[in-house]
Amino acid sequence: MAQKKEMSDTERRVIQAIVDDNLSEVQALLSEPGLRVDFLDDTGMTPLQHAAFRARREICRFLLASGADVNSNYHDNGYTALMFAALSGNVEVTRMMLDAGANPNHTNSVGRTAAQMAAFVGQHQCVAAISNFFPSSGLDYYTKPQGLEKEPRLPQHLAPVLVKMINMSNMNPVRIAYFLQDHKEVLENSKKVSKVLDILCEKAMKARDTSDIMALKTHYFATIIRRASKVYEEKQNLEGWIKSLVRGRDSDGFPELQDKLIKQSLKEFPYPESELLQQMVHNLANPKLGSHPSAVVLLSQAINGQRYGANEEEDCTTCGQIRAEKKCSACKMVRYCDGICQKLHWSTHKKFCKDLAVKHQKIQEQEQREQAQKKQEEDEELHKKMEDAHIEDKKDGEKSNFNDESEAEGNRKVVQETSQLQSSNQEQTIQATLET
Ligand SMILES: [Zn+2]
Ligand SMILES: [Zn+2]
């Protein structure tokens, strides 16, 4: 059994090398005889846990390959490597831990799972990665001929791609179409792939622990693959189809075709008794006052949890990727992953960009007005304080036979404080200008 003890010098250097993201140093140090890959620091953390917390992807990979225990559980608060990965917010490292056999049901000393901890700190991508996780071994059965089968149901080389697809969190058909465009082998074997997805869907619904989420997801992917492969057979590419999925209607830019596609897929879900499905159908039929949830948002939240992509305005308008970095430079009101997503959306967005720019300008002006008002209020308060201080000083002066020096000192102090406050106000204004 592992024990916490004072770390040796070499052990300390391993932790430092992880902090510095220095893989070759970690490799060199761990090759020293007598050093265990799972040594514990003074809080009971292993090197893998340190690497997971700091999202050191390559070091995590190396430590796991060197036999690190992904479920080591000696940390003072009962944190596992999966919990540390989930807290780091790095989806890839989180998946790496799961793929190495991390138990997602482990709880820490206060009874929280890794997914709950990630939700608590707002790492909703990691929550989604954990709850959607499908292990690489999940397709092993289908890649080997069973019984009298001459060939396996799924060609071996397609397994890693399909696992990657099933583990996707983004349910936007445009994003899935991008993926299929990069993996044409899926389209070329679409019958086999979608059949295996159908079987996975059935298995998820008939298992003892029914998983509506996995069933809905595999069914949805099968639908998209079937639709995309039809297009691909005809045109040998998906470009035109992707454009049609992005195109928005004239009145408000809403992408009707992709909405239809998703609703059609839900209609065809072979388990109408599923509670998850019924809930979605109910929400689609009864939009809350003033809000019109699109099918893609509802589907995405059904699969990934309510909080996933909750800040819709931060997502890519074209493909739904969350926390997209780039903004339309003209209106600054819509976000995109990159130039490809922006270009695809331009034919729709160009009809609204000017109006959005006006809206943006108005929002900015409103913010400036509020800032100015706040500053004025602060100035007034300051003046009042100065006057009060002056009166106090006068009173003091009268009491103590008027001391010239102390009044001067008092005034100096007030002046000093005022100028400090003013300069900090200035700093605030400058910062605000930069941010907007
Ligand atoms: Zn995008
Ligand atoms: Zn714009």
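## Helices H12 and H13

H12 passes H13 in a left-handed crossing, where left-handed is said if the near helix is turned anticlockwise from the far one by less than a right angle, and right-handed if clockwise. The model is predicted: local features need pLDDT of at least 70 and side-chain atom pairs count only at pLDDT 80 or more, while totals for chains, interfaces and linings use all residues. Residues are numbered from 1 along each chain as its sequence is written, and chains are lettered from A and ligands numbered from 1 in the order in which they are written. Helices (H or I, at least four residues) and strands (E, at least two) are DSSP runs, numbered from the N terminus.

H12 covers residues 190-206, and its axis comes within 8 Å of that of H13, crossing at roughly 165 degrees. H12 is therefore roughly antiparallel to H13. Axes are lines fitted to C-alpha atoms, for helices over the stretch in contact, and angles run from 0 to 180 degrees between N-to-C directions. Angles under 35 degrees count as roughly parallel, over 145 as roughly antiparallel, 65 to 115 as roughly perpendicular and the rest as oblique.

The contact (C-beta atoms, placed from the backbone, within 7 Å) includes Val193, Leu197 and Leu200 of H12, and Phe221, Ala222 and Ile225 of H13. By class, 11 residues are nonpolar, 5 polar and 2 charged. Ala, Val, Leu, Ile, Met, Phe, Trp, Tyr, Cys and Pro count as nonpolar, Asp, Glu, Lys and Arg as charged, and the others, Gly among them, as polar.

## Helices H13 and H16

H13 (residues 212-235) also packs with H16 (residues 275-285), at an angle of about 65 degrees and with the axes 9 Å apart. H13 is therefore roughly perpendicular to H16. Asp212, Ile213 and Leu216 of H13 meet Glu275, Leu276 and Leu277 of H16. This contact has 4 nonpolar, no polar and 2 charged residues.

Just after H13, Gln236 has a positive phi of about 65 degrees.

## Annotated stretches

UniProt positions are in the numbering used here, feature names are shortened, and annotations may be inferred rather than shown by experiment. Residues 43-75 are 48% helix and 0% strand, with end C-alpha atoms 6 Å apart. Residues 77-109 are 52% helix and 0% strand, with end C-alpha atoms 5 Å apart.

The unreviewed entry also gives "domain: MYND-type" for residues 316-353. That span is 32% helix and 11% strand, and its end C-alpha atoms are 15 Å apart.

Methods: Two residues are in contact if their C-beta atoms, placed from the backbone, lie within 7 Å.
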